[in-house]
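User: Can you walk me through how some helices pack in this one? Keep it simple, please.
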Amino acid sequence: MLHLPVLITDLGLILAAAGITTLLFKKIKQPLVLGYILAGLLVGPHINFIPTVTDNESIHIWAEIGVIFLLFSLGLEFSFKKLVKVGGSASITAIVEVVCMLLIGFVAGKAMGWKTMDSIFLGGILSVSSTTIIIRAFEELGVKHKKFAGLVFGVLIVEDLVAILLLVLLSTLAVSQQFAGAEMFFSILKLLFFLILWFIGGIFLVPTFLKATKKLMNDETMLIVSIALCLLMVLLAVKVGFSPALGAFIMGSILAETTQAEKIEHLTKSVKDLFAAIFFVSVGMLIDPSILIDYAVPILIITIATVLGKFLSSGLGALLSGQPLKTSVQTGMSLAQIGEFSFIIATLGLTLKVTSDFLYPIAVAVSAITTFTTPYLIKASEPFYLFLERTLPKSWVAAINRYSSSTAGITTMSDWKTLLKSYTFNTIIHSVILIAIIFLGSRYLHPFITKNLINGNKGIIISLIISLIFMAPFLWALAIRRIERKAHSHLWLNKKYTRGPLIALEVLRVALAIFAVCFLIFQFYNTWIAMVIALILIVTGMIVFSRKLQAFYDRLEHRFLYNLNAREEQNKQPEILPWDTHLTELTIAPESSLVGKSLIELAVREKYGVNIALIERGNMMIPTPGRNERLYPNDKVMLIGTDDQLAAVGELFKGTNNENQESAFPKKDMTLQKIVINTSSPVFAQSIRESGIREKTQGLVVGIERNGIRILNPDSDLIFENEDIVWIVGNNKKIPDLLKKA
């Protein structure tokens, strides 16, 4: 008789339990994550009336794989470019929330008499909201089109990166068992160094590789290559002392910048779902029901601290970032839960054996409760805002609105800010690359050459020369390359007292490059004579071959930027505050009642108060369509309106189509812009119709602010006056030429 391995038996039991419970939770319209946790509780060692898993060690291995693919999937949705574009509001909100929740969790743990390490990990568990739960709740409630949803998604992107940082810091703290400031600082520097290095190397190499092999890639090979890249980065992360989860997240975020991102996400979704299910089931297996009963009071306290703490900290962060009161309240109540990253942080504490056994099931219980409350809190956010607006003193509400409006203006950067920002990025990026080359040259290249090719002093010289050749273009970029020529010229010519700091900056750049060369040579020779000779040679070589180095570096930079911008996403749209008006895109389903009707027949502006800014039909773009334009199945329509207006008109569209298509008029060029009219503006003293905005800029005036009075959807006969603030949606390449030119 054949013997079935225990691993297969346990896996079958896990998936059977998970399948039954998730079908049940699907029926009662609850998050599937809770179904997985319940399945783990049923097949775990603490409940014996049904068959239980016997080989826990193998299940932990499957669960580790589940964490890897879960983080890989989050990385695919993350993308460093999204982080750059996420905006100040989301960044400020996320940072305020994380810092506050770390403090609240730590104080709550100490107040209940817990150990210091338990309290620290509790703060980490409570600091990160659940991306999965929030996205699902938004989809079920139909609020993804609302303005606050965009802010929430931005906060979640920042939180993902903060959670990765927390994993590294908590690991360091758990190993050292003490608050060693120097060690913690070194860990942060090490993380930032490898994040920058992996991002630069990944963006330069991975998209190029995928493009070169595109003709050979079918679904099968793309799946295998994607998983292979993920696991290779996992191996690399573990090699340098980080967790496997970090490596998976980094590779996912690198692949998110490629043109194949959607396809990879689609192909790996089934693999991620399978192993993520095993991970969440393993979470449930570690729950002891008796602990939940014994710690019912702490669970209640931590749940209340989570909901109130996240609501207050997120709402406060949103207010500080310049969001209106309504958006701040809705954001705070949407983020009031914990989820998958909290499980991973709790698992880290158990794996390192630095937290008590009760912390893990308490975290799971709090997550389950807050998962149930999230949809109700999101529903209640708008009524609660209306209650606050009625209850708070009128002066407070007016002050918040004034603060929000004042932060919505156009900000400009001085020449100094522009120059310092560019110099900082230039220095950090090239310093990281140079340090990496020095490390590879001394630790790997030199031993390889002396062992396999030539030994002795000749081997050292060859290793040194090869390292310097690879360093040369980046040394040139660090020390000699001209950065922000326009800003530099303005500062040099217009203000003589700024020449001293400018010279100091240039001297600092050259000094850093010289230090990098000396540091490399010191890895091979420790005599000053050798270092001086080598330094003179490399400086002479850089001067002689300056043009070739510049041409070579330009090719490298062009390739990097090309790969980085290959998957350009739609730019973040400006906001009209406090009108709560913004752009959104809806797709016309074939069965929609809009199909075949002209815009004048539909009269959506008159009936719903929204404007149609753009129609995308296949590869054709129709900006600011005319009244006789008709709508057809699968047309993508870009609308501008308030949350309520978009929600009302959205019922007419019903259906989605996510295909990415290119056109001669890119969607990203259709933006909402804020223009201030003055007496030298070409449209001054002209009516909206006479100005020719629609014809010349493919634009549409959607709002005017005049003497503190806001006019939404102004009449076409309205005449532009001095100091009018005009909100216009249209082609961002044409609007400035018409309205800003003196």
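User: Which way does H15 pass H17, in a left-handed or a right-handed crossing?
Analyst: H15 passes H17 in a right-handed crossing. A crossing is right-handed if the near helix is turned clockwise from the far one by less than a right angle, and left-handed if anticlockwise. This is a predicted model: local features need pLDDT of at least 70, side-chain atom pairs count only at pLDDT 80 or more, and totals for chains, interfaces and linings use all residues. Residues are numbered from 1 along each chain as its sequence is written, and side-chain values use heavy atoms, with hydrogens and water left out.

User: What angle do H15 and H17 pack at?
Analyst: About 155°, with the axes of H15 (residues 325-334) and H17 8 Å apart. Axes are lines fitted to C-alpha atoms, for helices over the stretch in contact, and angles run from 0 to 180 degrees between N-to-C directions. That angle makes H15 roughly antiparallel to H17. Angles under 35 degrees count as roughly parallel, over 145 as roughly antiparallel, 65 to 115 as roughly perpendicular and the rest as oblique.

User: Which residues make that contact?
Analyst: Among them are Leu325 and Met333 of H15, and Leu377 and Tyr385 of H17. Contact means heavy atoms within 4.5 Å. By class, the contact of H15 with H17 has 9 nonpolar, 4 polar and 2 charged residues. Ala, Val, Leu, Ile, Met, Phe, Trp, Tyr, Cys and Pro count as nonpolar, Asp, Glu, Lys and Arg as charged, and the others, Gly among them, as polar.

User: Where does H17 bend?
Analyst: At Ser381, by about 40°, and the proline Pro383 follows within four residues. The bend is the angle between axes fitted to the seven residues ending there and the seven starting there.

User: How far does H17 span between its end C-alpha atoms?
Analyst: H17 (residues 359-391) spans only 39 Å, whereas a straight helix of 33 residues would span 48 Å at 1.5 Å a residue.

User: New topic. How do H2 and H12 pack?
Analyst: H2 (residues 32-43) and H12 pack at about 50°, with their axes 6 Å apart. H2 is therefore oblique to H12. Their crossing is right-handed.

User: And what classes of residue are in the contact of H2 with H12?
Analyst: It has 11 nonpolar, 2 polar and no charged residues.

User: Which way does H12 pass H16?
Analyst: In a left-handed crossing. The axes of H12 (residues 261-285) and H16 (residues 340-351) come within 11 Å and cross at roughly 60°. Phe279, Phe280 and Val283 in H12 meet Glu340, Phe343, Ile344 and Thr347 in H16.

Technical notes:
Helix = DSSP H or I, 4+ residues; strand = E, 2+ residues; numbered from the N terminus. Expected span 1.5 Å × (residues − 1).
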